[in-house]
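Here is a short briefing on fold, surface and packing. Keep the viewer open while reading.

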Amino acid sequence: MSSELFYKPVTELSSLLEAKTVSSVELTQAVIARTKAVDTKVKAFNSFDEADALAQARASDERRAAGQARGPLDGIPVGIKDVIAVDGQPLTASSKMLANFVSPYDSTVTKKLKKAGAICWGRLNLDEFAMGSSTENSAFHTTCNPYDLERVPGGSSGGSAAAVAAGEAIVSLGSDTGGSIRQPAALCNVVGFKPTYGLVSRFGLIAFASSLDQIGPFSRSVEDAAITLGAIAGHDPLDSTSFKTEIPNYRDELKKRKGPWRLGIPKEYFGQGLDPEVAAAVEKAISYYEKMGCEVKNVSLPHTEYGVGVYYIIATAECSSNLARYDGIRYGHRSKDAKDIIDLYFKSRAEGFGQEVKRRIILGTYVLSSGYYDAYYLRAQKVRTLIRQDFLNAYKEVDAILTPTSPTPAFKKGEKAANPLAMYLSDVYTIGVNLAGLPGMSIPCGFSKSGLPIGLQLIGQPFQEAELLSIANAYEKAHDWATITPNL
Amino acid sequence: MSAPTDLNIDHVAHLARLALTPEEKAKFATQLGDVLAYIEQLKKVDVSGVEPTAHAFPVYNVWADDVAQPGLPVEAALKNAPAQRNNMIVVPKVVE
Amino acid sequence: MKYEAVIGLEVHVQVKTHSKMFTRVAAGYGHDENTLTDPVVLALPGVLPVMNKAALDAIIKAGLMLGCEIAPVCKWDRKNYFYPDSPKNYQISQYDQPICLGGEVEIELPGSARNVMGEHKKIPLTRIHLEEDVGKLNHGAMESLVDYNRAGTPLMEIVSEPAMHTAEEAFAYLTSIRNTMIYGGISDCDMEKGQLRCDANISIRPVGETKLGTKVELKNLNSISFVRDGIAHEIARQIAVTESGGTIVQETRDYDGQTGASQSLRTKEMAHDYRYFPDPDLMPVKVDEAWKARIKAECPEMPFVKQRRFFDQYQVPYTITSVLVPDRELSDYFEEAAKLSGKSQAAGNWIVNDLLRDLGAAKLPLADSKIKPAHIAALVKLIDAGTILNTAAKEIFTEMFTTGDMPDAIADRRGLKATPTDAGELEQWCRDSIAANEKALAEFKGGKDSAINAFKGPIMKAAKGKANPKLVDETLRKLLASM
Ligand SMILES: [Mg+2]
Ligand SMILES: [Zn+2]
């Protein structure tokens, strides 16, 4: 790994900060300088507020000087996906609709990060309203994959993944509705963690599909993911779907748990459409676990093939309703040439939303419309129950499930833009986790011959994130994929 | 499940309050037709007796006590408003 | 042909809570524009709803008071439609699993005269559910201005079966709901403040027909008298249309109480498609027996039940109970005075006639009355004991109203008490009076008991009005018996 400050993990930086070898201002300046140097190429950010970041860094240094440092994240710049509200900062969802919106409140996760002393750093690009798998749907610009600027970083949290991969943030937050953390993590050679539904508060996260959305961290190591997750997890009275559960010290748990584990391999995730190089890398990772003494067995998730269909009904239905509030009335884009109030809705929304958002709103509105609810939404919810049961059945025999994260490495920009169905099908391995509400993560597990990162997905049992992190950590400790940084 | 040809883009776009261009309508009709055709496969699943999943982890009675807390000052509430007057949001005259 | 109207009402009642239905910013009326908002009320990007426990308690109470079945599990749904007063462009409501099912509202129809009790009926309910209110639009010439203070206020929707047949029944139904909600402390039901709102579904059919006719939804019945007038107007309109050979179209009409006219808002073809689906942001509600029992214990006696009890327990007539009972505070006041005095009818008369008149004139609420039940009871007892006369009592009442002093003290201070007369002197006045009125004596002896009153005037005159009337009566009877 590069010796540059901006490429060091939280674990190392927090020691340097603690020893006062480095100040938070120095670290933040290094991250800002790096961002200025490479972001013209990577385009991970929608915006950043240098002065605000440095003010937070100074406050951190003052706390530390006064002996009041708040833990490992104190003074660490954490990039924030531009779909998570930070008080006083822009909140655009990479949409023209919210191009000028400034949030008057903090999300629960950024409140918690600030409480941990972290520096909320920048607004990271995404597919508009988190709808997409490539960040090509951003209204502002497409983020580039740091390992190949011609290719996509994945999505929707492409900016969050690329920023960490390129050293423009030490860790970052993204959101995952159908793979939006794990898939870009896989495509950008970083760790991406999607918690159990309900572990992390959604308050302040712009809703895409409420029953599927979760916020989670991107990092360059599993331990950093554990630290960041620990800072944002926990019950929130402002989110009725947030779960009351004890949050362990994930970092400590990592070191305690050594396996061996029983690991399940679902055959449904290794079929048609899986890139042979991805398959080979994932199989190699699986054989590592076998070598370290884990029991690896085949499991079946028979309803996997229905995942994409169920997902696109539930997610679009929920989004059609969640996005109704963007109407140009109280905030957001308002059309200049509306004749009357009805026209104001039609034109503001037509001008403010991009193609993919419109497409999903149309689909979601259709599946909920009179006469179709039972056939689509209700049926999808029932199949969702079966998908969830598949996982719970598998967990009677195994502790975690291993699969590829994405069927292919990063694809070229524009490659799938014209074919939404093909784009939707690229989420096939990540969607089940959201439908079942499970924790899932992607860790680097190799590169293609052309130098593109490949990710291993680990799927855990509900609220067993400590176990999942430990399993990932066991692999990471024996491999050094994360040291392969992009050439920028 | 209904045939995908049922998708009446004009009607749905009206419900969603989205002005679509003729090109968008044509494109969406084809693209969403493909997606709906794909979704047709859900018909194969036997869901008799299966309870729908609305929440991954069903919990009941999540509420707060009725204690009023301060809200947003009116300036903050209207800060992002495209048009305002007399501390209210201005919209074209609503007839109904 | 004779027609019968069939009416169902949808009544929205704002629940009186400190904070809003799904967020904790204050709920209230009459505040400066857009000062009762927060990110949730404004539906800013990223916010989430959290339900208000007190609103749930309130609707369970309403349901128990109206005899509804409380669903063991209910859930929240989104009702999707675009409107500038609705910040999310969906309303969180309850669609297919409301919290209260069935139930009934007892109503009283107008009697043949003001002082005669009318017929009682029970109007069955379909359901009651909980939802959130919308903001308020202020219309200008070219623009509308939106105030979101009301948005998110807890709102109950009480839906009746189509079981009413006249505007009077609808009026009585709404009155009964209002009394019940005020009794339960659930809502103040001030229609001017929009705390109680009513939409009506109206159809007509030939008498004898059992099939329902095409229904028209009448909106914006913004005052309790508009409800009566609007429904009567709509029934007449439908009959006129039908009789002139037209057909009723299924539509929503807006009633203008000022002009008494209505106009079509939308027809069935333009009807909304609300795309209801379960709100993924909210968890369902489970109501167990313990919760119901706890709320049951807080439910007050229902107004009509109380009225019947007042007849039985206190023998107060309809003219009194019909004034007392609609007001829970006033009936509690009466009951206390009745118990303290032991003379319920007299207490009731003083409260309904004198106290309410003076409070009304002074524009004071009962709570601010200086005359408390103890004052009424003391006054009634003084009269009953003969210590003061009715004319004096009126004077004392007036002074009690302004000073709040006890009647005994006022009577003393102002020398209004009947003076204890010398027994010999009183007997002499009585003998004189009897002697002076032979005709009355004869009548009394002839069995006409009321003839005794004829002797009393001269006695009182001799006593300068301060004789104890009870003692006068006793002395007269004693003397007359011996004659
Ligand atoms: Mg209704
Ligand atoms: Zn309603």
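This is a predicted model: local features need pLDDT of at least 70, side-chain atom pairs count only at pLDDT 80 or more; totals for chains, interfaces and linings use all residues.

Side-chain values use heavy atoms, without hydrogens and water.

**Fold of chain C**
- Chain C holds 15 helices and 18 strands (DSSP runs: H or I of at least four residues, E of at least two, numbered from the N terminus).
- Its radius of gyration, 30 Å, is well over the 23 Å that the globule rule gives for 483 residues, so chain C is more spread out than a compact globule. The radius is taken over C-alpha atoms, and the rule is 2.2 Å times the number of residues to the power 0.38.
- The C-alpha trace of chain C spans about 95 × 55 × 50 Å along its principal axes.
- Of contacts in chain C between residues at least 6 apart in sequence, 68% join residues at least 24 apart (contact: heavy atoms within 4.5 Å).

**Nonpolar cores**
- The largest nonpolar core has 194 residues. A core is a set of buried Ala, Val, Leu, Ile, Met, Phe, Trp, Tyr and Cys residues joined through side-chain atoms within 4.5 Å; buried means under 20% relative accessible area with a 1.4 Å probe, protein chains only.
- Helix α10 (residues 307-322) of chain A gives this core its largest share, nine residues.
- L469(A) is among the members that touch the most others. Beyond its neighbours within four places in sequence, L469(A) contacts residues including F193(A), Y250(A) and M441(A).
- Another core, of 100 residues, lies apart and includes A55(C) and F397(C).

Notes
Residues are numbered from 1 along each chain as its sequence is written. Chains are lettered from A and ligands numbered from 1 in the order in which they are written. Buried means under 20% relative accessible area, exposed over 50%, partly exposed in between (1.4 Å probe, protein chains only).
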